[in-house]
Amino acid sequence: MEATLFWIGCGLGAYGVVLRQIFKRENWIQKKIISVFLHLLFMGAVGALIGFVFSASTDLHGPSPRWPLFGAMVGLLWGAAQMLWNKSDPQGNTGLLAGDLEWVETSFSAILLASVIMYAVLQAFKIPSGSMEDTLLIGDHLFVNKFIYGIRIPFTDKRVFKVRDVKRGEVVVFEAPMNAILSRDERERGVKKDFIKRAVGLAGDIVEIKNKQLFINGEPQQDSHPVYKDRFTYPAARLNLTAGEYQRFWESGRFAELRREQIGDNFGPIVVPSASYFVMGDNRDGSFDSRFWGPMPNRLLKGKAWIVYWPLNRIKVIK
């Protein structure tokens with residue numbers, strides 16, 4: 001979402017530059033078709049932006065095109081109505097464009113600032129599924145601390161201003177690896193999604209699950225967060241793989257094609273690769289996580305889940 005806001009801000013900036021150039025040319029500003037086109041373009045863009053923000057704030061699975069399109073239509077109608085009401089104004093549509101320019105100059109910096117804050121410092125996130133129950137429930141809204149693990153330099157794997165590394169047991173938000181996006185159509189279209197899971201294994205850790213019990217480096221993990229909603233424990237599947245083949249299959253995400261019953265309750269052992277994490281949902285029987293699609297690379301890490309702020313009766317610091 002922060003990238004979308006950034007490009008919206010850039011678009012507004014470009015629109016402001018065009019308006020300023022037009023105001024410098026008296027013969028252009030007097031042409032009705034130009035002023036009508038620019039004002040309707042601005043109002044449609046504002047309506048689409050409001051629809052996008054509304055969709056991003058309410059739709060559990062992220063922004064959908066429905067609300068931006070609806071907002072753009074409302075914006076166009078409102079812009080047309082403004083021009084009709086403005087017919088008696090001596091300044092005509094010039095006054096409307098002057099108002100548009102004032103709004104552009106105000107919102108341009110605000111939107112760019114918001115996109116920078118969302119990219120580097122703090123981002124709102126909403127829970128779309130039950131994979132983190134009972135720690136986080138569907139519909140919970142939370143803030144993600146994006147500064148603590150460092151700010152990733154765009155188009156690189158490098159991070160700057162890092163406070164500390166991920167600690168075992170922390171709830172993290174990250175961009176889903178391609179193998180974790182279930183729909184083949186989504187994979188082909190390059191759809192990006194954010195996931196939220198608990199980092200149970202760090203780079204170099206040996207991870208194994210025996211009859212639903214998680215072992216890290218041979219030690220059983222005593223954690224109060226996981227819940228098991230399926231009372232049946234499925235036996236280990238016979239995959240006929242050597243230890244090396246198992247590790248390679250897992251790292252490549254090929255276990256995503258298996259059913260949960262095959263590796264959900266009995267898994268591994270595997271070694272978490274460098275600069276990667278092994279993440280799991282607290283709802284162990286209802287989570288599609290590193291057991292299936294492989295390690296979560298550090299380059300996809302976005303931040304640490306910090307606090308639930310909505311609904312009000314669930315406000316809490318996430319542990």
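V279 touches V172, F174, K197, R198, A199, V200, D289, S290, W293 and M296 in this predicted model, residues up to four places away in sequence being left out of the count, where contact denotes heavy atoms within 4.5 Å. Residues are numbered from 1 along each chain as its sequence is written, and side-chain values rest on heavy atoms, with hydrogens and water left out. Because the model is predicted, local features need pLDDT of at least 70 and side-chain atom pairs count only at pLDDT 80 or more, whereas totals for chains, interfaces and linings use all residues.

V279 is also, with V166, V172 and M296, one of the residues that touch the most other members of the largest nonpolar core, which has 17 residues. A nonpolar core is here a set of buried Ala, Val, Leu, Ile, Met, Phe, Trp, Tyr and Cys residues joined through side-chain atoms within 4.5 Å; buried means under 20% relative accessible area, exposed over 50%, and partly exposed in between, with a 1.4 Å probe and protein chains only. The elements that give two or more residues to this core are β5 (171–175), β6 (194–201) and β11 (276–280), strands being DSSP runs of E of at least two residues and helices runs of H or I of at least four, numbered from the N terminus. A second, separate core of 15 residues includes V200, I209, Y246 and I263.

D289, one of the residues touched by V279, lies in the loop between β11 and α9 (290–293) and is buried, with a relative accessible area of 0%. Leaving aside neighbours within four places in sequence, D289 is in contact with K197, V279, M280, G281 and G294. The side chain of D289 makes a polar contact with the side chain of S287 at 2.9 Å (a pair of N or O atoms within 3.5 Å, of which, within protein, one must be able to donate a hydrogen and the other to accept it, residues adjacent in sequence counting only if both atoms are side-chain atoms).

The lining of the largest cavity comprises I209, K212, Q213, L214, Y228, G264, D265, M280, R284, D285 and R291; a cavity is a set of points on a 1 Å grid over the protein atoms alone where a 1.4 Å probe fits but cannot get out, and lining residues have an atom within 4 Å of a point. By class, this lining has four nonpolar, two polar and five charged residues, with Ala, Val, Leu, Ile, Met, Phe, Trp, Tyr, Cys and Pro counted as nonpolar, Asp, Glu, Lys and Arg as charged, and the others, Gly among them, as polar.

Definitions and conventions: 1 Å grid on protein atoms, 1.4 Å probe; cavity = no way out; pocket = protein on both sides within 12 Å on 5 of 7 lines; lining within 4 Å.
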